[in-house]
Amino acid sequence: MNKLSEVRNKITDFVNNSKEYRHLAVFVAALYPFFQYYSNNIAEATSWQQFLFISGLCFVLPQMVLWFWAYCKKLKIFKPIKERGLSILNVVIFFGLIGFLVLNLNKKMLLLTLIVATILGFFLVKYLKKIMIIQLIVATTSMVSLVPKLLFQLRHDNATWAKLSEEELNTKLLKTPNIFVIQPDGYANFSEMNQPPYSFDNSGFEAWLSASGFINYRGFRSNYHSTNISNSSMFAMQHHFYSNTKPETLKTYDANEVIIGKYNNVLKILKHNKYRSHLITDNSYFLIDRKTSYYDYCNIDSNFISYHNSGAVKGADIIADLTKVLDTLSATNSFFFIEKTLPSHIAYYKSDTKGKENERLDYLHRVGLANEWIKSLINKINKFDKQALIIIVADHGGYVSLDSASEIPDRKMTQVEAQSIFSSLLSIKWPKDCNSVDINYKSNVNLFRKVFYTLSGNEDLLNNSKDNSSFLPLKEKGKTNYYRYIDNVGNFVFENISD
């Protein structure tokens, strides 16, 4: 009780004394945005570059503005707000950083936020110290929520689940064609497109692929439901069973270390066979955390990638950028991973959904755009090398039949919903000297095992094939469990695989 009284007295003294605490006022204003940003994004915000940028934005820039204000308030033009300047700075910094870092507001909304914050700061001058105390309390709360996420980040280790045997990593490819992996994000398989819930006639594009020498693998599906979770498993050629996903938040940690980094077993095998690797994309989704890339080339310069938020990269054009690279190549042994967020999936948040039917129509419109993009890409590749191995593989389905993607962990999915989530496109154009007719392709996790087996004959790749099951998280009774929804042979099941 004495300690509580002592704290209460110190707070009272702080509020009632006449000292301004200028530097403290701008410091505490930035604490909550800083901790909340990391609490929301610690799974991706792992680089020192990001830390320095966020720290500078939150703690260095406000102090510089405060220093600048010390000179400005001496000018006559600022005399009407001279006594209110510190209050305005405090509120503007607090809400401005929340809008920029936490809410990712667009420029117009951020400007509106700053204007409203300026007005609030003008009228709240009498309550500045009480506001500072409230800011410190909410910052402490955010910091406490960050700690377990940070501990999960520090304990997580991709090296364990992504480990591959030496016999597999040392696979000697007997055939070394140029390999192009094209990933249209969220593109459902042809086997699902023409029936509910998609109910879309995509036969024209399917026929075009067949006429262009592709084998369309009907019934193919992903093992996981989102881009990072699915691709990390595909490129590791292993299951992670959500071990890199924090159950309470369903945030996936360090997936890019496996997709473009040192735990990408596909790249390891290719590098062992003297392949040069290229990553071509038009967004920063795999690059935002600035993990050291295992690719030899990436078309996106890190200088053009935002430090705080992933998304489209201005000026990036996949076909144009690919053309520039192809114009410099003459030999074989080149690998390309070409990824575009198209057709993507239905709206993620419930607040953004247009309803099931409108989401379906929007998705199918984007499928049409994806078809034209893929055609252009394939024509470009064929002009460069008619005998290239071209793999079109999606990371998951389009989630059509749901109102929003955020429903997935909140309730049990029906068979139709699960199929819509996992169904993913796989079409492959094999070089003439490669025979893969007898191999059945079922899911992403075994895709490269079977591709590399066809190119090498290494039986270890097939002997160590992984279960083709597909898995989803489900929040129930205050915890997150993981369920097998589709088993190894394609049956719809609902089996809890949690420990």
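**Exercise 1. Classify Arg360 as buried or exposed, then find its salt-bridge partner.**

Step 1. Arg360 has 14% relative accessibility, so it counts as buried. Buried means under 20% relative accessible area, exposed over 50%, partly exposed in between (1.4 Å probe, protein chains only).

Step 2. Its side chain meets that of Glu357 in a salt bridge, 2.8 Å from N to O. A salt bridge is a side-chain nitrogen of Lys or Arg within 4 Å of a carboxyl oxygen of Asp or Glu.

Step 3. Glu357, at 43% relative accessibility, counts as partly exposed.

Step 4. Both residues sit in helix α15 (residues 356-384), three residues apart, so about one helical turn separates them. Helices (H or I, at least four residues) are DSSP runs, numbered from the N terminus.

The model is predicted: local features need pLDDT of at least 70, side-chain atom pairs count only at pLDDT 80 or more, and totals for chains, interfaces and linings use all residues. Residues are numbered from 1 along each chain as its sequence is written, and side-chain values use heavy atoms, with hydrogens and water left out.

**Exercise 2. State which residue pairs with Arg449, and where each partner lies.**

Step 1. The partner is Glu168; the closest N and O atoms are 2.4 Å apart.

Step 2. Arg449 belongs to helix α17 (residues 447-456) and Glu168 to helix α8 (residues 166-169). The pair links distant parts of the chain, 281 residues apart.

Step 3. Both Arg449 and Glu168 are buried.

**Exercise 3. Describe the exposure of Lys354 and Asp362, which form a salt bridge.**

Step 1. The N to O distance is 2.8 Å.

Step 2. Lys354 is exposed, at 53% relative accessibility. Asp362 is partly exposed, at 27%.

Notes. Helix = DSSP H or I, 4+ residues; strand = E, 2+ residues; numbered from the N terminus.
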